[in-house]
Amino acid sequence: MRQAVSNISTSPQSSSSSEVPAPTTTTSTSAVSTPSDVSSSSSARPKYVVAHHMVGNTFPYTLQDWADDISLAHSSGIDGFALNMGSDEWQPDRVADAYQAALQSGLAFKMFLSLDMSSLPCASTSDAQSLRSLVLRFSSHPNQLPYSKPGSTTTSDSSGPLPLVSTFSGETCTFGQDTPANAWRSQFTQHDELKGKITFVPSFFIDPGTFGEFEGVMDGDFHWNGGWPVELTTASAGSSSSSLSADLTNLLGLGTNGDVQQVSSQVIPHLAAFLGDASGSDSAAAVTTTTTNNNNNDNNDNNNNQQNDTAVAESIASALAKFIGSTDGDLKHVQGLNGINAPPPASKRDLRKKRDGEADGGKIYMAAVSPWFFTHFGKDTFNKNFFYVADQHLYAKRWESLISASADAQSQQQQQALRASNNADGSNVNDTDTSGTSNATTDSATGGNIFNDVDIVEIISWNDYGESHYVGPIKGAQPTGSEAWTNGMGHEAWLPLTAYYAAAFKTGSFPNVTKDSGAEFGEKMFMWARPHPAQAEASQDGVGKVLGSELAEDSVWAITLLAEPANTTTPSKSMSLRLKRSVSAGLSKLSVPISVPDSVSQQQGGRGVGVSLDAGKEGFVFVSNPEQFNFNAWVGCAGCASASGNGTTTTAR
């Protein structure tokens, strides 16, 4: 059955209404507000937001294509592109076009190379020579991003910032040398052609505790996997391994083998009960593992079993929530940077900073944020078929985890008020992070604040369609086969939300939301959801089940930006009722379970004026039995000039 999910909109707040509040457990809404007037201590050095741009997807690009991307990114709070460059012989020409388009734009928009070492050869000294020549070709361009921190001694003899160079991978490169560390040191950063001429911030997939081996190589670190809670996903995603990650098996108490069959029989039913299947979807029968009879005792047993499953699932979902947006991995990487060329602390203050996890002066930390991750390539192509958990508003919470403002400025009283508000209507609050940043900016063991260590945020990605985490328009040359999960699934509606968080990261304060929906930070509403239930069976999919999808939630995720408090209303056909929720001014996160058959419309507004998003009219449908698995997200926005999920413009109504 195909069913449109229709409009999300606003309605005025009032003291009385015929609508009923959301009931507990089986159907729920949740809201978490981030005040728009919070502030924090500003950093003395500039902070940048860049986006990872896959040059490999730009074969048909012209200068105008680059100019359009640059203009859209700049208007969305993005300061530059990290140009992911592979081994195709045509890619240097596209990189040259990107730099030229940035120059012609007249905007303060910068570029830097992200050398894709999973593609570029790096076994010989001649491979190293090619890389050095490539870097030098663009390092002096006016639109090259320069970045260095005071106190850096690894490569810089200059008092000014040096051209930034990054990588994707590269931890196994040898360039004809005995070890990767010696290879990068002798053939790249300390080679006469580059020594003192670049700032090198690679993404090496190694234990941060071994960063010290790369002294003389790493001026900083880009933590690629920090964008998602990768520790929850199958350990060998994309391979034949069926083991779950150690963190997840420990979390769920499944022992050490992490057998997927055990997960299917024990975990999925619990999650299904809690995450919406028990509310009336076709797969609700999977929740109940006991055979049903007409006997009252059997019915009572079944009810008790289902209640127990729901209780267990609630605990599991709450435990999973702590991974969403967490900075635990960031802190490990920052602490790893302390082991590189780290001088002894000169004062008690320096010693305290080191103990709290703050990186030593001169080392750069580049953090990753990403809204999504799903890839579904078969073994005959890229052999990548997995899903990273991006539910529970990952994109928003990850941003908030890197912005100290939302944690530092909220008083304990404000946080308590939020908790009271979130639970006042008796609803089951899916979003357990009631302050928006409870596990984010402060490490519980050290008290360290990650905001002071993050110099650059890199959005993954602008246009990586194969992995579904693009925030830019769908254009250029997609990886063959990815059209199956990207057609009609535009993500540009995430860009105005990106602008909001980018401004907060760079200034330390969340922007004030105005009543004018046409303004940069005017009132807006965002919505995203997957197009079929997590446990659906695909009738014509030759790739197979998606690894990691056992943790997906069947929910519509929404975020509101409001100048004043308002109500949200979600009529639900299958529930025969209207769910009502109050939301605060500023940014609020909401979620609504989605099932088939259903038609969910949500309304949000105040002051007698409403804004709505009719997702059904914009092309979104929720399908119970898809032909192919698709865990990509449809994204829409009301009040935004950027496109909604199907590529058409959505405006406030």
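Which residue takes a positive phi in the hairpin of S12 and S13? Point 2 gives the answer.

1. Basis. This is a predicted model, in which local features need pLDDT of at least 70, side-chain atom pairs count only at pLDDT 80 or more, and totals for chains, interfaces and linings use all residues. Residues are numbered from 1 along each chain as its sequence is written, and side-chain values use heavy atoms, leaving out hydrogens and water.

2. Hairpin. Asn383 takes the positive phi, near 55°, and 6 residues lie between the two strands. Strands S12 (residues 374-377) and S13 (residues 384-387) pair in the antiparallel sense over 4 bridges; pairing requires at least two DSSP bridges. Phe377 has Lys384 in S13 as its bridge partner.

3. Whole chain. The protein chain has 14 helices and 23 strands, which are DSSP runs (helices H or I, at least four residues; strands E, at least two) numbered from the N terminus. Of its 653 residues, 58% count as buried, that is, under 20% relative accessible area with a 1.4 Å probe, protein chains only.

4. A nonpolar core joins buried Ala, Val, Leu, Ile, Met, Phe, Trp, Tyr and Cys residues through side-chain atoms within 4.5 Å. The largest has 123 residues, and Trp399 is among those with the most contacts inside it. Helix H14 (residues 495-507) gives the most to this core, with 9 residues.

5. Trp399. Not counting residues up to four places away in sequence, Trp399 touches Val49, Val369, Val457, Ile459, Thr498, Tyr501, Ala502 and Phe505; contact means heavy atoms within 4.5 Å.

6. Second core. A separate core of 14 residues includes Tyr465, Met525, Val556 and Ile594.

Key: Buried means under 20% relative accessible area, exposed over 50%, partly exposed in between (1.4 Å probe, protein chains only).
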